[in-house]
Amino acid sequence: TILLQNAFSAALAPFLARLPQRQGYARNGRGPLLSRAVPIDPRSRLAHETFYYLDLLAKLGFPAPYSAPRLDLNKAQNLPNPLDLKSLPPLPPGFALALAPGAAYGEAKRYPAKDFAQIARELAKSLDLAVVIVGGPAEREAAQETLAALGPDIKALNLAGQTTLTQAMAILAQCEALVANDSGLAHLAGALNKPVVVLFGPTNPLTTGPLASRRLVLREPVPCAPCRHRVCPRAERICFQGLRPTRVAQKILEFLGQSPVQGRPALFWADQPPPDPQNPKPGRPLADPALLTIAYEPQAGYEVFGQKAQNLGLDLRASFWMAEDPDFLALGRRLGGRTIFLANADKPANFQAALNLPPDLAAPSPRRALEWLQEQLAD
């Protein structure tokens, strides 16, 4: 058995069952219960959890390359009539926006239902679209509160708790975008290659955010997050207070209104902290046959990247910025690119600063980052 869970009890069961091979990470005092206890790379705990588990398999000798989670319901095998929605009420005309106001982990993860509804109202009126609310049986209350707050003038249908998982997937496959809490449906929409907007509160977007080609992660920097509490111990949940619905709706409209990226991409890779713009030093230029990879502009500091990229015929919005240093990534974000944070356990301050961006990916190593990047280029 290969133990993906970290709990002591997860290792106890195969030990008592006398399974000869019991392999997993050496965590929570369970090393004596394992036939092979794998030490943890500290960087893996700061990067996306996908790499945490892939690296476990790699250390056990299995091939474990990264591949993007992708679903095509027309090609999916062993799904019971995944596109059959005949047993459900018909989707409203003009359906384009899916909402997932629930979250199975706990109420602390749930953005307030009335605020969810206000976001949907502003999007529906601006884009003239209809709304479908999705979720599991445990999320019916949050979905009903959201529907009630939407009001009768918004075309909306609440299907939370009424669908099978495959029917929910089929509904997501027909939407133009999903707005969700940090939840399983956000990951499914990303795997279906849909634009995903995720509102993060007590959980960590660097480690559990959806690996979607088009995603918008919104969170408010607060001193207590990410705390991973299921129920907030405070009288008021401050991690959502700064995410006011009108501001969120405007960011979503900007995100959905972006024109398709068609230009030539580059990878801007800082393999050391950015130089002082007043005293710039050249970095190490890197070459790749598939990408133009640039480190630093030695003459004028790293702020010159924008002009240099234009002179080289590069599309900054198609480009990627990779570094340990969050300031370098913030520059890439300002110039419209996507960002890759290289986790370094020796620099915890960088991890906290990266949370405030947050980047499109947190990777434990350049190799893993480039695997992800190649998948993005393929998309």
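The model is predicted, so local features require pLDDT of at least 70 and side-chain atom pairs count only at pLDDT 80 or more, while totals for chains, interfaces and linings use all residues. Residues are numbered from 1 along each chain as its sequence is written, and side-chain values use heavy atoms, with hydrogens and water left out.

**Stop 1**

Select Leu3, which is found in strand E1 (residues 2-3). Helices (H or I, at least four residues) and strands (E, at least two) are DSSP runs, numbered from the N terminus. Leu3 is buried at 9% relative accessibility; buried means under 20% relative accessible area, exposed over 50%, and partly exposed in between, with a 1.4 Å probe and protein chains only.

Next, select Phe8, Leu12, Phe15 and Leu16, which form a nonpolar surface patch with about 360 Å² of accessible area together. Patches consist of residues with over 30% relative accessible area and no salt bridge; like charges are joined within 9 Å and nonpolar side chains (Val, Leu, Ile, Met, Phe, Trp, Tyr) within 5 Å. Accessible areas come from the Shrake-Rupley method with a 1.4 Å probe, and for residues only the protein chains shown count as cover. Leu12, one of the patch residues, belongs to helix H1 (residues 8-16) and is partly exposed, with a relative accessible area of 31%.

**Stop 2: two helix pairs**

Select helix H3 (residues 113-127) together with H8; the two pack at an angle of about 45°, with their axes 9 Å apart. Axes are lines fitted to C-alpha atoms, for helices over the stretch in contact, and angles run from 0 to 180 degrees between N-to-C directions. H3 and H8 are therefore oblique to each other. Angles under 35 degrees count as roughly parallel, over 145 as roughly antiparallel, 65 to 115 as roughly perpendicular, and the rest as oblique.

Then display helix H5 (residues 165-174) and helix H6 (residues 184-191), whose axes come within 10 Å and cross at roughly 55°. H5 and H6 are likewise oblique to each other.

How is the crossing of H5 and H6 handed? The crossing is right-handed, and H3 also passes H8 in a right-handed crossing. A crossing is right-handed if the near helix is turned clockwise from the far one by less than a right angle, and left-handed if anticlockwise.

**Stop 3**

Move to Asn193, in the loop between H6 and strand E8 (196-199). The phi angle of Asn193 is near 65°, a positive value in a residue other than glycine. Asn193 is partly exposed at 44% relative accessibility. Lys194 lies in the loop between H6 and E8 but is buried, with a relative accessible area of 18%. Select Leu178 as well: its C-alpha atom is 7.4 Å from that of Lys194, across 16 residues of chain.

**Stop 4: the loop between E9 and H8**

Select Pro226, in the loop between strand E9 (215-218) and helix H8 (245-256). A cis peptide bond joins Ala225 to Pro226, with omega about 0°. Arg228 lies in the loop between E9 and H8 and has a positive phi near 65°. Arg228 is partly exposed, with a relative accessible area of 44%.

**Stop 5: salt bridges**

A salt bridge is a side-chain nitrogen of Lys or Arg within 4 Å of a carboxyl oxygen of Asp or Glu. By this rule the count is twelve.

Select Asp182 and Lys109, a salt bridge whose closest N and O atoms are 3.6 Å apart. The pair links distant parts of the chain, 73 residues apart: Asp182 is in the loop between strand E7 (177-181) and H6, and Lys109 is in the loop between strand E4 (95-100) and H3. Asp182 is buried at 7% relative accessible area, and Lys109 is buried at 10%.

Lys114 and Asp115 form another salt bridge, at 3.3 Å between the closest N and O atoms. Here Lys114 is exposed at 56% relative accessibility, whereas Asp115 is buried at 5%.

Finish at helix H12 (residues 366-378), where Arg367 and Glu371 are four residues apart and therefore separated by about one helical turn. Their side chains meet in a salt bridge of 3.4 Å, N to O.
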